[in-house]
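Work through the following exercises with the sequence and the coordinates open. Each task is followed by a solution in steps.

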Amino acid sequence: WRVFAFYMILAANLSEQQALKQACPSCDASQLCNCSSMGLDFIPLGLTAKITVLNLAHNRIKHIRSQDLQQAVNLRALLLQSNQISSIDEDSFQSLAKLELLDLSNNSLAHVSPVWFGHLFSLQHLHLQGNSYRDLGESSPFSSLRNLSSLHLGNPRFSVIRQGNFEGIELLHELWIDGSNLIQYEQGSLKSIKNIDHMIINLKNSNIFSEIVRDLLHSVTWLEVTEITLPVEKKSLVENSTRPFRIQKLTFREAFFTDRTITQAIVLLKEITSLKELEGIDCALEGQGKWDTKEIARSGQSFVETVTIIKAVIQNFYLFFDLEGMESQITNLKGLTIASSNVFMVPCKLAKSFSSLLYLDFHDNLLANKRLDETICEGSWPSLQTLNLSQNSLKSLEQTAKCASRLPRLNNLDISQNNFGEIPDRCEWPKTLKYLNLSSTQIPEVTTCIPKTLEVLDVSANNLKEFGLQLPFLKELYLTKNQLKALPGATPIPNLVALSVRRNKLNSFSKEEFEGAQVGAVHLSLMECHRSLVVSLICVLVFLVILLLVAVGYKYHVVWYVRMTWAWLRAKRKPKRAPPKDVCYDAFVSYSENDSDWVENTMVRELEQACPPFRLCLHKRDFVPGKWIVDNIIDSIEKSRKTLFVLSEHFVQSEWCKYELDFSHFRLFDENNDAAILVLLEPIQSKAIPKRFCKLRKIMNTKTYLEWPAGEEQQQVFWENLKGALKS
């Protein structure tokens, strides 16, 4: 009984492993088991302790049972997103103490149970968003998850957050909540989390915004709010809160503002004295800039140092006011980015008020030279060190340089991707300028317009044919994607340490081109530096590939199979069966040379001496001398009424028998006729049949065969049956 029980358990395990292999072929010999998008309705059987990553995403799984994951004790990541899971047994994850990532997002869970996570002591990342639960229950489902680092939850039906829902969580790197239809938030619900590096919340209900912010003042470093429409009424964001606050960065993504609400937002955000960075991405403003600047000024000084606005949508942006009265609010600003937002001008009076600004990024806007003269007027941007005007509508390099010369501390200027088209001989630049980017500006050459104070110059993608400037302080030069045929001279740029000349028309270098200076870093492609070596390596690789193909072809008889296929194609063009007058034999005999004694001395004698006698075709006796063996095989099969296979252990080990079997299969079995006769000379175990004999396996499974018996009485019956088969 013990042996029987052990056998049953072993058989069950093998069956489960076979089922797993069929459901997830990638699970066969890997710790990573990828079963995604396989159309599975359940978690496959046979999961073992060797699996560390299990991906079951994008299937049709509806239920997770207790025993499904019981053996996967070393699982580190379990991905179940985008299924149809609506129920989970309470102890389904009980054995997964090492699990670090659990993704149950985009399923049909109507509730979240704390029992599911009770034994997930190592869990760091939990994704529950995109289900159908409306709340998290009366208590915290996450109280046992002491190592949790990121938590994603919420869905379009998620409507309530209660006190105690986040008890047990103290530190989070990221908290993501889809609260697009959140209608109730109990004050203090998020206060239990002591530290959150980054929180993203999708929030359309503006009345809840201030309550959430008040709970996060002392815990969140970066708060990101999406799809919100800010409220009009005043409601303090720091009411009854004590300083110091933790929040340093606030991002509004896809938010909607009006002139009135943006005024209110500026006033309220000043209360958060720790806020240093304000960001707006893909936001819309309905208005013309008629902000209540007096109310903004009365509310005191802003503590924000960096403002970033990307892809702002302002209807009728050309009617936008000049924001007069905002001067007092921007004096402490150190960084300003307004990109992809149709900016075409900054009033001179406002520009002069940016007294502390060090970094200004206006890339991908509508600045033209006429408006640039107003934007960078005398006395504007007095502290500016870095200016990015790339991807605008600047046309004159001379006028652009003249405007830049009004910036007494400018160190870095990016005016790439403007269409200057030409370059003058002389330009006026700031004396402090060290970094200049003129890439992709359509300039046909470089002239003395380029300032000699530069340490870094980028003139890539300009179709330059030569570079001969004298730049004594230059350390880095970027000449990629030009038409240079020779390297720039070393003497005019003695301090150069980095040179990029990729994608030019350089053919060779002379020794003189490198004399007079030490080049610390020359970035050339392998082909440019070692053309002969590269060509040699390619030739060697081609030779090795050809050699490998020849070796593989020899080992696996590729030439033979090509010739065999050609012969078969020629045979296919012949009539399916030879005319009756051309049929010369009753049967073509396919057998191994090791079985020739039985075939030639026993079977042939019995059949050819019968009354009436049978005519057999044997390769030793009846093949045409000098004729290719493949043609002999095909002709003999076509001139025979039957094909008789003498099967044995020697047969399945013979390559020649396999070729005959292949041809007979092409010609006979594909026609679905009964011209094949199988004689089993000795028992053959299925394991002994090589995989290359797939056709033999198929034939033996679909056709009846005759077995050669040991007893003389049974042998007489065998001969009668064989003769009957030959006559049929």
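**Exercise 1: the cavity lining**

By class, 8 nonpolar, 5 polar and 2 charged residues make up the lining of the largest cavity. The model is a predicted one.

Task: Find which residues lie nearest the centre of the largest cavity, and which helix gives the largest share of its lining.

Solution. 
1. The structure has 3 cavities of 30 Å³ or more. The largest cavity holds about 150 Å³ of space.
2. Its lining counts 15 residues; nearest the centre are Phe 209, Leu 230, Pro 231, Leu 237 and Leu 268.
3. Two helices, H2 (206-216) and H3, each contribute at least two residues to this lining.
4. H3 gives the largest share, with 5 residues.

**Exercise 2: the sheet**

Task: State the strand order of the open sheet of 3 strands, and explain why one side of E15 and of E19 is left without a neighbour in the sheet.

Solution. 
1. The order is E15-E17-E19, and the pairing is parallel.
2. Strands E15 (256-258) and E19 (313-314) are at the edges and have a single partner strand each, so one side of each lacks a neighbour in the sheet.
3. Strand E17 (residues 284-286) is joined to E19 by 2 bridges.

Definitions and conventions:
Residues are numbered from 1 along each chain as its sequence is written. This is a predicted model: local features need pLDDT of at least 70, side-chain atom pairs count only at pLDDT 80 or more; totals for chains, interfaces and linings use all residues. Side-chain values use heavy atoms; hydrogens and water are left out. Two strands pair if DSSP finds at least two bridges between them. Helices (H or I, at least four residues) and strands (E, at least two) are DSSP runs, numbered from the N terminus. On a 1 Å grid over the protein atoms alone, a cavity is a set of points where a 1.4 Å probe fits but cannot get out, and a pocket is an open set with protein on both sides within 12 Å along at least five of seven lines; lining residues have an atom within 4 Å of a point. Grid points are joined across faces, edges and corners, and a volume is the space filled by probe spheres set on the points. Ala, Val, Leu, Ile, Met, Phe, Trp, Tyr, Cys and Pro count as nonpolar, Asp, Glu, Lys and Arg as charged, and the others, Gly among them, as polar.
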